[in-house]
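Please examine the fold shown below.

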Amino acid sequence: DPDLVLDYMEPGADLVMLAVPPDEIKAKIIEIIEKIRQNQEAQGLGEKRVVSVIIISSGFSEIKGDAGRGNNREQEIKALAEEARSAGVEINVIGPNGMGAFTPRYYGFFVPHSRVNTGKVEPEKRWPVAIISNSGGWILKIMDRIPVRVALGAGKCMDVSPADLLSAVTAHRKELGIDVIALYLEGFDTL
């Protein structure tokens with residue numbers, strides 16, 4: 001139930017994953033922005049936390065022949081995120097059509113553990129490798145062969161680009177234990 005996410009989104013939450021029909025994403029983003037605003041007000045003027053929203057759902061510009069509805073959805077959601085940031089709400093939207101995130105802290109893929117090589121290798125024995133990809137299929141293929149520490153599915157990159165994700169991983173590479181970062185891009189327009 002997507003409403004449960006917002007019911008349990010407490011101050012300190014830093015990741016929300018959405019897998020709802022594409023027509024519902026805009027309303028959920030508006031609710032999340034309001035919840036972040038409420039949480040920031042409750043915390044006072046202290047440190048603000050950036051909340052990342054990963055949109056797993058497809059049905060955006062990757063769908064051809066939808067009379068532009070997918071492009072319009074992307075533009076509306078990107079505009080909401082930009083407006084929120086200009087009003088002081090710290091939000092980044094990853095996706096849509098993203099795979100999710102796998103880090104030492106999160107298992108946030110919308111794929112069962114049994115299909116991903118994550119549980120077979122203890123975290124401390126994972127290779128010091130991060131992968132960032134537009135393609136969820138490519139992530140799964142790599143993770144079948146290499147026990148990476150971090151995998152991020154960028155999806156369509158309507159708000160957060162692979163370059164943004166690369167900067168974030170680079171900034172935290174020591175705490176994540178990353179020595180190598182691999183990118184798989186399906187075009188340079190997403191940079």
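Thr-103 is buried, at a relative accessible area of 14%; buried means under 20% relative accessible area, exposed over 50%, and partly exposed in between, with a 1.4 Å probe and protein chains only. This residue sits in the loop between strand S4 (100-102) and strand S5 (107-109). Beyond residues up to four places away in sequence, Thr-103 touches Arg-149 and Val-150, where contact means heavy atoms within 4.5 Å.

The model is predicted, so local features need pLDDT of at least 70 and side-chain atom pairs count only at pLDDT 80 or more, whereas totals for chains, interfaces and linings use all residues. Residues are numbered from 1 along each chain as its sequence is written, and side-chain values use heavy atoms, with hydrogens and water left out.

The chain contains six helices and eight strands. Helices (H or I, at least four residues) and strands (E, at least two) are DSSP runs, numbered from the N terminus. In order from the N terminus, the elements read α-β-α-β-α-β-β-β-β-α-β-α-α-β. Of the 191 residues, 44% count as buried. Among contacts with a separation of 6 or more, 69% are between residues 24 or more positions apart.

The largest nonpolar core comprises 20 residues; such a core is a set of buried Ala, Val, Leu, Ile, Met, Phe, Trp, Tyr and Cys residues joined through side-chain atoms within 4.5 Å. Strand S1 (15-18), helix H2 (22-43), S2, helix H3 (69-86) and S3 each supply at least two of its residues, and H2 gives the largest share, five residues. Ile-25 is among the residues with the most contacts inside this core. Leaving aside neighbours within four places in sequence, Ile-25 is in contact with Leu-18, Val-20, Ile-55, Ser-57, Phe-60 and Ile-77. A second, separate core has 15 residues, including Ile-94, Ala-101, Leu-152 and Leu-165.

Two aromatic pairs occur in the structure. Rings of Phe, Tyr and Trp (its six-membered ring) pair if their centres lie within 6.5 Å; planes under 30 degrees apart count as stacked, over 60 as edge-to-face and the rest as tilted. Trp-138 and Tyr-184 form a stacked pair, 5.1 Å centre to centre with 15° between the planes. Because Trp-138 lies in helix H4 (residues 136-145) and Tyr-184 in strand S8 (residues 180-184), the pair ties together parts that are 46 residues apart in sequence.

A cis peptide bond, with omega of about 0°, joins Gly-95 and Pro-96, and Pro-96 belongs to the loop between S3 and S4. Asn-97 is found in the loop between S3 and S4 and has a positive phi of about 60° although it is not a glycine.

Which residues lie closest to the centre of the largest pocket? Of the 24 lining residues, they are Asp-14, Ser-52, Tyr-106, Ala-168 and His-172. On a 1 Å grid over the protein atoms alone, a pocket is an open set of points where a 1.4 Å probe fits, with protein on both sides within 12 Å along at least five of seven lines; lining residues have an atom within 4 Å of a point. The space in this pocket is about 830 Å³. Helix H5 (162-171) is among the elements that each supply at least two lining residues, and H5 provides the largest share, four residues.

Terms used. Grid points are joined across faces, edges and corners, and a volume is the space filled by probe spheres set on the points.
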